[in-house]
Amino acid sequence: MSPAPGELRADILARLLLIQSTAGHLPTATGVMEFVCRGLAQLPGVAHAWHSEAHGDLAGSEPGLERFPVRLDAHHYGEMVLQVSDPAQFLPYSPHVTNLAFMVAVMLEERRRRALEEVHQGELEQRVEERTRQLSQEVGDRRAAEALAVAERQRAEAYLEIAEAIIVELDEEARVVVLNKRGCDLLGVPPQEALGRNWFELAIPPEDRVAVRAVFERVLAGQSELPDYYDNLIVTRAGARRAVAWHNVALREGGRVVGTRSSGLDITERKQAELALAAEKERLAVTLRSIGDGVITTDTAGRVVEMNQVAEDLTGWPLQAAAGRPLEEVFALVDAATREPIRSLTERASAGEPVAGQRIQGLLLTRDGKERAVADSVAPIRDRAGATIGTVLVFRDISERLRLLEHLTRSQRLDAIGLLAGGIAHDFNNLLGGIFGYIDEARSLCKEGEPLSEALDRSMETLDRARDLTRQLLTFSKGGAPVRRVVDTRTLLERGVHLALSGSAVACRLDLAPDLPWVEVDPNQVGQVIDNLVRNAVEAMPGGGKVDVSARGLTLHGGDHLPLAPGRYACVEVRDSGVGIAPEVVTRVFDPFFTTKAEGAGLGLATCYSIVQRHKGAIEVESQLGRGSTFRVFLPAAPEGRAEAAQLAPAGHRGSGEALVLDDEPYLRATLTKMLSRLGYHVTAVATGEEAIEATRHAVAEGTPFSVAVMDLTIVGGMGGREAIAEIRRLAPEVVAIASSGYSTDPVISSPREFGFTAGIAKPFTGPELAQVLAHHSPAQPGSDGGATRR
Amino acid sequence: MNGEQISVDLGFAKAQVPAGTHVCQIFSDSDERTDALLRFLTRGLQAGESTACFSENVTEQELEAWFAKEGLSLAAERASGRFANSPTKQVYFQDGRFDPDRMLALLTQFHLASVAAGRPGARVIGEMSPEINSIPGGTRLLEYESRVNHLLQAHPVTAVCQYDARCFDGATIMDVLTVHPMMVIRGAVVLNPFYVAPETIARG
């Protein structure tokens, strides 16, 4: 039977009790609320029940909702909200639900407080534990501190006894109050003897007592400006003197100074070491000053510490300006070719790279903007323990060495090329000699102004160029010593420049100093040099311009940058204002086959170099790209006596009498015969040395000995002039014997007298050239076109 | 069934209950759980009943000690076939799923075997694992518990279901109450006012 509305059911009340009883098992507030609401939803007249966190006074604010706050005092746990579908059924249970809500609040509040108490209890326990530990620690610390103090006191007493330092306390009268074991040992007195004694009488040498007492008085006076350490000598009982460094303090009682306490260290050995070190430093400084190389030392950070005078001179940095600066700033090294900075050996050594035994070459950029070729080496400086404490850099100026090396290398290259060129050029030269002769003869048969004569003149000009080329090649030949004559440098230059500029639109200013000396040179070769240099200058100015040629006398004393012996020189400068030479190739312009011109053979300047070198001279170039070049040639001046004689030599030649021609080439025999005939000689021509000897013997026997003999040195398959001259000279001692050879480098041509000849002439040559040689060595004849001249 | 009401002593409650009673114990104290479990088992064995336990929360050592204290031998009881125990998951979640039909068949079999062995009764105590909420078939827990009530009418096995309130949410605990006719409150077995008979559920 269903109960009437408003009537309570026991089972429902039991449910409420059961909810209250069972909810306590659920551990969380959320779980409790879920459980309770789930149970309340099963009450009569209730459709749904839930928990809300809200705790405002909203009861009755919405129809059908009953709110039961879960609250105890000021603590709220939300509310239980019931959706009531049948208020009449629910109404009797409403107070019970209110009661349930209160009980739930009590339970939750109890839990909260219990949790709080647990926290508080935990905190309290933790504090008690912490404090207990602190107290325990404090007690332990205090005991440890007391033990420590005792130990410290004992230790201090022990230290006093075993201290390396001397400890001495003096009263106001300088009487010893305390002197430790070290002090007694050092002085050689027992403690009982030292105590109470006057310190100055006990320990200070008589000669130092006044000064040391003054210090004592100042300490007693409490003067604070005393140095921390003061050193003086003490004297031992045995009479030895020891140096001691003292630290002094005033002893006070109640603010009054009652004595002094001093600790002293025996620094006798250190003093001796300092003296030794100072001496060593002085020795090192003297050594550094006397070293011919630059020396720079750095610290481990690569900063300059020391440098000697040579290093100062080479870098341009005085030590006081360089000290402390990075080495790279003072010793700025760049690659000569790329101009890129070179990573120095010092930097590499500092980075731990092995550099021992290595050398670096480069260009040193000096402080004043100059460049020097240097080679440097570096070594670490180590202390006694082997730790690196810096580096030492040693370097020297190798500019001169590089120049000499370059000179040597170029000479070797020229020799190699000469060996190849000489053989070919010789044969070619012989052929040219024949052609020269025949054209020369043909031209002499023509009348002036004839078309044929002009053609022959042009042929000769062309042949001249061919001859020049072969001469250039022959210049390189082995043993190509110049055929020297003492000549007037002025004339040589005037002629050479005039010839080189003929047909050119370029102007020339010739500036020849009055002191320009004569030179003893091969005029042909030196003429070649002048020709090449002037032509080069002209070609360097395609748009026209002016060539400056100047010459002057110059005396070198050695030590110059040029590889020249001391003495008097003619210095010739050829200057143009042309395109100039790029810096990277300027050192190569004298190399054979090096050319910057499309049509050049690259032999011109190499030939100049070779010729000048063989004259024991020098050639150099200075050039700036876009501003022009200056070539400078140095030629040794002729000895004074020979120059004088040369100035009196005849300029032309007209001969007479018998002449001998020796040459195995029929066309050359014929040509020479014609030449000599034109000069006024009666000619006998032979093909071998044996025939020449026989002809000489015959002429002498006839009483018409040869006055002139032109002899080819080399005869294929037989005796040449070289072998025949001795016998011919024996038969006819007065004969003017001219050695001729296609090898202009043959030593007989350059030094004929050493081989029995009077003079030498290189093939090919013209009639006037032969006449000139004969003019120098034969007596003048009536009708000659020259005579003694003085310029 | 002969209709004769047989009372049994649960061991942990003062009053006796009819054989075949389905009791729920909600607890939040582990000692309360263990105490009820051990008392229930030993009292059953002392009565000669077939006794079974499905729980992870009692150890062999606890069983041995308690049995010995009660004058029983765990090994002997096992050997006689009167006592069997297994972990909850092994029995309830065999093959990784919860199958009410299999469990009901197991209960039936347990009772039939007891009768066949001539034992005066059969009792079982088991603790539900919270894994029921995530295991396949777990949503059929209330259905299972409800059908147990029906089964026990034919096969009066005295059954105690233990639920740890710390492991389940409040709503589940309340739902569990609705399917157990008796429950334990402060050591007393009382009628559960929230219980809803299976017939009512079926009708509902």
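This is a predicted model: local features need pLDDT of at least 70, side-chain atom pairs count only at pLDDT 80 or more; totals for chains, interfaces and linings use all residues.

Reader: Thanks! Which residues touch the most other members in the largest nonpolar core?

Author: Those are Val36(A), Leu40(A), Met80(A), Leu82(A) and Tyr163(B), out of 66 residues. A nonpolar core here is a set of buried Ala, Val, Leu, Ile, Met, Phe, Trp, Tyr and Cys residues joined through side-chain atoms within 4.5 Å. Buried means under 20% relative accessible area, exposed over 50%, and partly exposed in between, with a 1.4 Å probe and protein chains only. Helix H4 (residues 94–162) of chain A gives the largest share of this core, seven residues. Helices (H or I, at least four residues) and strands (E, at least two) are DSSP runs, numbered from the N terminus.

Reader: And what does Val36(A) touch?

Author: Not counting residues up to four places away in sequence, Val36(A) touches Ile19(A), Ala23(A), Met80(A), Leu100(A) and Val104(A). Contact means heavy atoms within 4.5 Å. Another core, of 44 residues, lies apart from the largest one and includes Val574(A) and Cys608(A).

Reader: Switching to chain B, how many helices and strands are there?

Author: Chain B has eight helices and nine strands, and 51% of its 204 residues are buried.

Reader: Is helix H7 of chain B mostly covered or mostly open?

Author: Mostly covered: eight of the eight residues in H7(B), residues 170–177, are buried. Their cover includes helix H1 (10–23) and helix H2 (29–40) of chain A, along with strand S3 (22–27) and helix H6 (141–154) of chain B. At the N-terminal end, Asp169(B) caps H7(B), with a side-chain oxygen 3.1 Å from the backbone nitrogen of Ala171(B).

Reader: Nice. Now chain A: what's the strand order in the five-strand open sheet?

Author: The order is S5-S4-S8-S7-S6, with antiparallel pairing. At the edges are strand S5 (176–179) and strand S6 (230–235) of chain A, each pairing on one side only. Two strands pair if DSSP finds at least two bridges between them. Strand S4 (residues 166–171) and strand S8 (residues 256–266) of chain A are joined by six bridges, and Asp171(A) has Gly259(A) as its bridge partner in S8(A).

Reader: One last thing: is Thr297(A) buried or exposed?

Author: Thr297(A) is buried, at a relative accessible area of 15%. Thr297(A) belongs to strand S9 (residues 294–298) of chain A, where five of five residues are buried.

Reader: What does S9(A) pair with?

Author: S9(A) pairs antiparallel with strand S14 (residues 388–397) of chain A over five bridges, and Val392(A) is the bridge partner of Thr297(A) there. S9(A) also pairs antiparallel with strand S10 (residues 304–307) of chain A over three bridges, where Ile296(A) has Met307(A) as its partner. The hairpin of S9(A) and S10(A) has five residues between the strands, and in that hairpin Gly302(A) takes a positive phi near 80 degrees.

Note on methods. Residues are numbered from 1 along each chain as its sequence is written. Chains are lettered from A and ligands numbered from 1 in the order in which they are written. Side-chain values use heavy atoms; hydrogens and water are left out. A polar contact is a pair of N or O atoms within 3.5 Å; within protein, one must be able to donate a hydrogen and the other to accept it, and residues adjacent in sequence count only if both atoms are side-chain atoms.
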